[in-house]
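The stops below concern aromatic rings and the charges placed over them.

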Amino acid sequence: MASSGSRSVLFVCLGNICRSPIAEAVFRKLAIDANVVDKWRIDSAATSTYEIGNPPDYRGQSCMKRHGVSMSHVARQVTKDDFMSFEFILCMDESNLRDLNKKANSVKNYKAKIELLGSYDPQKELIIKDPYYGSDADFERVYEQCVRCCKAFLDANS
């Protein structure tokens, strides 16, 4: 779950069982390694209700285990409060971005900056594709993209 700090980031995908919990775990590990985790509140959520209460996809968990990144998360949906309490909401694709902007419009004076996580990718891969219907290699690709993007995001915001 989220630790409390002066900065905050919420990672978002469709179901909150593949991409966003991977990004959350990757970012937390990078923040721990940089000795700044106590300065960050870090969490992830879904735009949909499909997977609420479920753990991360087993293939994502296996991928993270192979890379020595601990992952502990239970899927939840983005709330209106998230738009007020998080500084950054970083999502994975255009559909997530549309859903988040639509939901944000119903929140008066929200403060969150809503962006694609891929906008931080030094390799300019803007979209982090959903690996749910894919293979282990697709989860590995999501992990690699999240490492690049989260590292650049942390560097830009530390």
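The tour goes from ring pairs to a cluster and then to charges over rings.

This is a predicted model, in which local features need pLDDT of at least 70 and side-chain atom pairs count only at pLDDT 80 or more, while totals for chains, interfaces and linings use all residues. Residues are numbered from 1 along each chain as its sequence is written, and side-chain values use heavy atoms, with hydrogens and water left out.

Rings of Phe, Tyr and Trp (its six-membered ring) pair if their centres lie within 6.5 Å; planes under 30 degrees apart count as stacked, over 60 as edge-to-face and the rest as tilted. The count by this rule is 8 aromatic pairs.

Select Phe-27 and Trp-40: the ring centres are 5.0 Å apart and the planes stand at 80°, so this pair is edge-to-face. Phe-27 belongs to helix α1 (residues 19–33) and Trp-40 to strand β2 (residues 40–46), so the pair ties together parts 13 residues apart in sequence. Helices (H or I, at least four residues) and strands (E, at least two) are DSSP runs, numbered from the N terminus. Phe-27 is buried at a relative accessible area of 0%, and Trp-40 is buried at 1%. Buried means under 20% relative accessible area, exposed over 50%, partly exposed in between (1.4 Å probe, protein chains only).

Next, display Phe-11, Phe-27, Trp-40, Phe-88, Tyr-120 and Phe-153, which form one aromatic cluster.

Finally, select Arg-41 and Phe-86: the charged end of Arg-41 sits over the Phe-86 ring, 3.8 Å from its centre. The rule asks for NZ of Lys or CZ of Arg within 6 Å of the ring centre and within 35 degrees of the ring normal. Arg-59 lies over the face of Tyr-132, 5.6 Å from the ring centre.
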